[in-house]
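Please look over the sequence and the 3D structure below. The report after them goes through one feature at a time.

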Amino acid sequence: MSQAHRAAARRRNFLAEAKGFAVSLIGEALTLAKTPTAIVAALLILPAAAFLTGMGIVVAYGEYHGHDLPDRLMLSRDNTFSERFEYVLTGAAALAMLLTWRRTGATAYMVFAVLFGWLTADNSLQLHERLGVLVGTVLRSGGFPAENARHFGEAAVMCGIGALLIGMIVWSLAGSGALHRLRATILLLLIGGTACFGVVVDAIDALVFAEGSAAQQVGAFVEDAGELWLLCLTVICALAVMVRSSGGSHDLAEAASDTGRPVFRTQAPPRP
């Protein structure tokens with residue numbers, strides 16, 4: 001077989017494996033979404049997120065028209081009800097991932113626990129904001145525009161820490177079984193979507209729109225609302241993974257033989 005034929009065969013194999021992984025990923029995501037744990041968690045978490053989002057719209061609209069409304073109902077302010085709700089979400093996800101790691105031994109879940117623990121500490125202590133000020137000071141000394149240095153510094157800190165933790169998760173998947181790889185990938189995609197709102201949208205909002213403008217306020221609301229809703233979905237998924245990993249012969253068999261299974265499947269695993 002010529003080199004061109006071998007390259008074409010490798011591409012076909014890669015595409016077939018990628019398709020199989022995508023099908024398995026969607027199947028497992030739907031399986032998790034249909035679990036009683038996910039349904040109950042959604043019924044408890046999503047109405048609270050909807051209420052906070054609605055109140056955020058009301059307060060933002062009121063402030064735009066000159067009405068003085070409670071700041072604690074805003075989404076884009078510190079020490080608000082929304083921010084404290086996020087403490088509960090990330091704390092619950094950290095505990096769920098820690099318990100999942102203890103039950104399965106899959107290292108990826110331990111790294112997820114560290115990631116959610118960092119998010120809880122960061123939100124409550126404003127760690128990335130404080131580090132962002134330091135990075136922004138360095139950037140300003142290097143000629144970076146002063147009005148954007150702090151926002152860019154915060155985004156750089158979050159991207160750096162996030163890349164480190166996500167890199168550790170990807171590394172830990174090398175020794176994980178097929179089921180754990182699927183579930184960890186689903187969690188990674190949800191966390192990545194949350195980070196896009198929390199970091200990328202925030203950076204665009206700070207660098208493109210003028211400080212205090214109507215466009216900047218709308219961008220800040222989109223960032224905070226998108227981050228809140230995707231975080232809710234991430235926590236629901238984490239809780240479903242925890243419960244699914246604690247019972248059922250199929251899941252327990254996967255946990256016991258964490259390295260000997262094929263990575264790609266074309267069907268979702270059966271319910272226990």
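The side chains of E28 and R183 form a salt bridge, with 2.8 Å from N to O. E28 belongs to helix α1 and R183 to helix α7, so the pair ties together parts that are 155 residues apart in sequence. Are these two residues buried or exposed? Both E28 and R183 are buried.

A search of the whole structure finds 1 salt bridge. Keep in mind that this is a predicted model.

## The overall fold

The protein chain has 9 helices and 0 strands. Read from the N terminus, its elements run α-α-α-α-α-α-α-α-α. Of the 272 residues in the chain, 42% are buried.

Contacts can also be sorted by distance along the sequence. Take the contacts in the protein chain between residues at least 6 apart in sequence: 71% of them join residues at least 24 apart. The chain exposes about 14,100 Å². Carbon and sulfur atoms supply 68% of that area.

## The nonpolar core

In soluble globular proteins, nonpolar side chains tend to be buried together. Here, the largest nonpolar core has 49 residues. Which of its members touch the most other members? They are I45, F85, L89, M97, F112, F116 and L228. Several helices build this core: α1 (3-33), α2 (36-64), α3, α4 (107-125), α6 (146-172), α7 (178-208) and α8 (214-244) each supply at least two residues. Helix α8 gives the largest share, 13 residues.

## F112 and I191

Now zoom in on F112. Not counting residues up to four places away in sequence, F112 touches M97, I169, A184, L187, L188 and I191.

I191 is found in helix α7. Its relative accessibility is 11%, so I191 counts as buried; the cut-off is under 20%. Which residues does I191 contact, leaving aside its neighbours within four places in sequence? They are F112, L115, F116 and T234. I191 can also be compared in position with V235. The two residues are 44 apart along the chain, and their C-alpha atoms are separated by 9.8 Å.

## A loop residue

A174 sits in the loop between α6 and α7. Why does A174 count as exposed? Its relative accessibility is 62%, and exposed means over 50%, so A174 passes the cut-off. A174 and A108 are 66 residues apart along the chain. Their C-alpha atoms are separated by 9.6 Å.

## A nonpolar patch on the surface

Some nonpolar residues lie on the surface. L95, L98 and L99 form a nonpolar patch there. Together they have about 240 Å² of accessible area. L95 is part of helix α3, which covers residues 81-104.

## Cysteines

How many disulfides are there, if a disulfide is a pair of cysteine sulfur atoms within 2.5 Å? The count comes to 0.

C196 has a relative accessible area of 41%, so C196 is partly exposed. C232 has 0% relative accessibility, so C232 counts as buried.

Terms used: Residues numbered from 1 in each chain as written. Predicted model: local features only at pLDDT ≥ 70, side-chain atom pairs only at ≥ 80, totals over all residues. Heavy atoms only, no water. Patch = residues over 30% accessible without salt bridge, like charges linked within 9 Å, V, L, I, M, F, W, Y side chains within 5 Å. Areas by Shrake-Rupley, 256 points an atom, 1.4 Å probe, with all protein chains shown as cover. Salt bridge = Lys/Arg side-chain N within 4 Å of Asp/Glu carboxyl O. Helix = DSSP H or I, 4+ residues; strand = E, 2+ residues; numbered from the N terminus. Disulfide = S-S within 2.5 Å. Buried < 20%, exposed > 50% of the residue type's maximum accessible area, 1.4 Å probe, protein only. Core = buried A, V, L, I, M, F, W, Y, C linked by side-chain atoms within 4.5 Å. Contact = heavy atoms within 4.5 Å.
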